[in-house]
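Here are my comments, point by point. Please read them with the model open.

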Amino acid sequence: MATIQHHIWPGCSTVSPFIVSDKALDVIAFAKAVFGAEPIEEPILRADGTLAHAAIKLGDTTIMLGDPRAPEHHHSAFLQVYVPDCDAIYRKALAAGAESVMEPSDQFYGDRASGVRDMAGNTWWISTHTERISHAEIVRRQAALDAAT
């Protein structure tokens with residue numbers, strides 16, 4: 001039987017991303033449309049209609065979101081998302097209004113990776129792990145890249 005972790009918010013892991021964005025509801029809609037994220041609970045809205053708190057599940061990860069109380073508290077996030085087909089999800093993200101940061105390409109560390117920026121300025125790195133390689137090989141490849149530049 002699994003031990004209940006009372007010190008962790010239900011549905012979260014020890015470390016869970018929290019996106020503070022002045023377009024948090026738009027980010028939720030983007031994550032649903034592109035990655036199939038599911039809401040964990042009903043969003044909690046403040047009296048002025050801004051988002052106080054929401055949580056979505058994206059694969060095995062919980063992401064919490066909220067609008068900042070003041071505009072200067074907006075923070076952009078960088079999120080790494082592994083998907084079965086990097087290219088397809090990249091195209092889906094562009095169709096949902098994201099801006100390209102990096103087109104899909106094979107990386108020296110064994111991923112096919114791409115990047116997009118959503119309407120709130122968050123960068124989503126979209127990857128598919130395509131090659132199992134040792135840490136030593138990754139280090140060797142990095143050194144070769146460094147020597148070539």
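1. First, a caution: this is a predicted model. D106 is exposed, at 57% relative accessible area. The D106 side chain meets that of R112 in a salt bridge, 3.2 Å from N to O.

2. The side chains of R112 and D87 form a salt bridge, at 2.7 Å from N to O. R112 sits in strand β8 and D87 in helix α2, so this pair ties together parts 25 residues apart in sequence. R112 itself is partly exposed, with a relative accessible area of 22%.

3. Now helix α2, residues 86-95. D85 caps the N-terminal end of α2, with a side-chain oxygen 3.2 Å from the backbone nitrogen of D87. Just after α2, G97 has a positive phi of about 105°.

4. Which residues of α2 are buried? They are C86, I89, Y90 and A93. Down the axis of α2, these buried residues fall within an arc of 105°, so they line one face of the helix. That face packs against α1, β7, β8 and β9. R91 and A95, on the other side of α2, are exposed.

5. Helix α3 covers residues 135-148 and holds both E137 and R141, 4 residues apart, about one turn of the helix. E137 and R141 form a salt bridge, with their closest N and O atoms 2.9 Å apart. E137 is partly exposed at 21% relative accessibility. R141 counts as buried at 19%, because the cut-off for buried is under 20%.

6. Salt bridges also link E137 and R141 with E131 and R140 in a network. The structure holds 6 salt bridges.

Note on methods:
Residues numbered from 1 in each chain as written. Predicted model: local features only at pLDDT ≥ 70, side-chain atom pairs only at ≥ 80, totals over all residues. Heavy atoms only, no water. Buried < 20%, exposed > 50% of the residue type's maximum accessible area, 1.4 Å probe, protein only. Helix = DSSP H or I, 4+ residues; strand = E, 2+ residues; numbered from the N terminus. Arc of directions from axis to C-beta. Contact = heavy atoms within 4.5 Å. Polar contact = N/O pair within 3.5 Å; in protein donor to acceptor, adjacent residues only side chain to side chain. Salt bridge = Lys/Arg side-chain N within 4 Å of Asp/Glu carboxyl O.
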